[in-house]
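Please keep the sequence and the model in view while reading.

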Amino acid sequence: MRVVGLCAAQGAGKSTLAAAAAARDPDLLVLSLDDFYLTRAERGALADAVHPLFTTRGPPGTHDLNFLHNVLAGLARGASTRLPRFDKRSDDRLPESTWPVVDATPRAILLEGWCVGATAQPQTALARPINTLEATHDPLGVWRSSVNTALAHSYAALWDRLDDLFHLSAPDFTVVADWRLQQEGAMLGLPCEALGPAARADILRFVAHFERITRHMLNGGLRARLEVRLDHQRRPISAPTRRPAGG
């Protein structure tokens, strides 16, 4: 059973690409890292124990990687395996009764997620806050250090299971907020310009949680991968290129 990773910044179109790949290949199973978020209660407990910013889903540390490893193991054995589903509107995992079931080993798995394959940063890179969110809510670096430790250990162990990694590379981090605003507007059936000031502020604050690692990934902080560069409209501007491992 081959396991391939697909990563890209928020709003780049990785979920759309993964769905299209699965539609073309019935032997390909797509797993989204997003579906393996810790429950809302579990993230609340993590926030109480480590740092309040862990309330917000997304960064490393907010996923149930043991659960994901167990799902991969079940699929490899051909055991009847339930695949979790996470509801972003309620910010919680859906009831298990709603989860799809896979009863056979797929030929290949595509694991998609914004931080799939990301490497940890050197400790020196964590010294200074990268944005207002970090400066205001993580001045001592407790949150970003914990996120980085998770990347270096539990997430690295998951990336070890990847046979390859495909990266849709955004032109720069500045487009990510615009892409995320467009994504949110599309979910609401609105152009992003129609989103109110409060909604826009919430989205920009949410994206700030992802800035450090996204910038690191765009600067080469990824396992060895195939890379396709995108323009500001998410259009590919390069053929897949093999890049060396970064760090």
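Is D160 buried or exposed? In this predicted model, D160 has a relative accessible area of 56% and is exposed, the threshold for that class being over 50%.

**Overall architecture**

The secondary structure of the protein chain consists of eight helices and 10 strands. Its radius of gyration is 18 Å, close to the 18 Å that the globule rule gives for 247 residues, and the chain is therefore as compact as a globular protein of that length. The C-alpha trace spans about 50 × 45 × 40 Å along its principal axes. Of the 247 residues in the chain, 49% are buried, while the accessible surface comes to about 11700 Å², with 54% of this area belonging to carbon and sulfur atoms. When contacts between residues at least 6 apart in sequence are considered, 74% of them join residues at least 24 apart.

In soluble globular proteins, nonpolar side chains tend to be buried together. In this chain the largest nonpolar core has 39 residues, and the members that touch the most other members are L31, L33, L68, L75, V116, L158 and W159. At least two residues of this core come from each of β1 (2-8), β2 (28-32), α3, β7 (108-112), α5 (142-159), α7 (197-208) and α8 (211-218). The element that gives the most to this core is α5, with seven residues. Apart from this core lies another, of 21 residues, among them A21, F173, L181 and L230.

The surroundings of L75 can be set out in more detail. With its neighbours within four places in sequence left aside, L75 is in contact with M1, L29, L31, T81, L83, V102, T105, P106 and I109.

**Salt bridges**

The count of salt bridges comes to 15.

| E134 | R212 | 2.8 Å |

E134 forms its salt bridge with R212. Because E134 lies in helix α4 (residues 132-137) and R212 in helix α8, the pair ties together parts that are 78 residues apart in sequence. E134 is buried, with a relative accessible area of 1%, and R212 also counts as buried, at 7% relative accessibility.

Whereas D160 is exposed, R223 counts as partly exposed, at 25% relative accessibility.

E211 is buried, with a relative accessible area of 11%, and R215, at 33% relative accessibility, counts as partly exposed. Salt bridges that share partners also join E134, D138, R144 and R212 into one network.

**Surface patch and chain end**

On the surface, V50, L140 and V142 form a nonpolar patch, and together they have about 280 Å² of accessible area. V50 is placed in the loop between α2 (40-49) and α3 (65-77). At 35% relative accessibility V50 counts as partly exposed.

Where is G246 found? G246 is in the segment after β10 (241-243), and with 29% relative accessibility it counts as partly exposed. The C-alpha atoms of G246 and G221 are separated by 4.7 Å, although the two residues are 25 residues apart along the chain. Not counting residues up to four places away in sequence, G246 touches T119, G220, G221, L222 and R225.

Note on methods. Residues numbered from 1 in each chain as written. Predicted model: local features only at pLDDT ≥ 70, side-chain atom pairs only at ≥ 80, totals over all residues. Heavy atoms only, no water. Patch = residues over 30% accessible without salt bridge, like charges linked within 9 Å, V, L, I, M, F, W, Y side chains within 5 Å. Areas by Shrake-Rupley, 256 points an atom, 1.4 Å probe, with all protein chains shown as cover. Salt bridge = Lys/Arg side-chain N within 4 Å of Asp/Glu carboxyl O. Helix = DSSP H or I, 4+ residues; strand = E, 2+ residues; numbered from the N terminus. Buried < 20%, exposed > 50% of the residue type's maximum accessible area, 1.4 Å probe, protein only. Rg over C-alpha atoms; globule rule 2.2 N^0.38 Å. Contact = heavy atoms within 4.5 Å. Core = buried A, V, L, I, M, F, W, Y, C linked by side-chain atoms within 4.5 Å.
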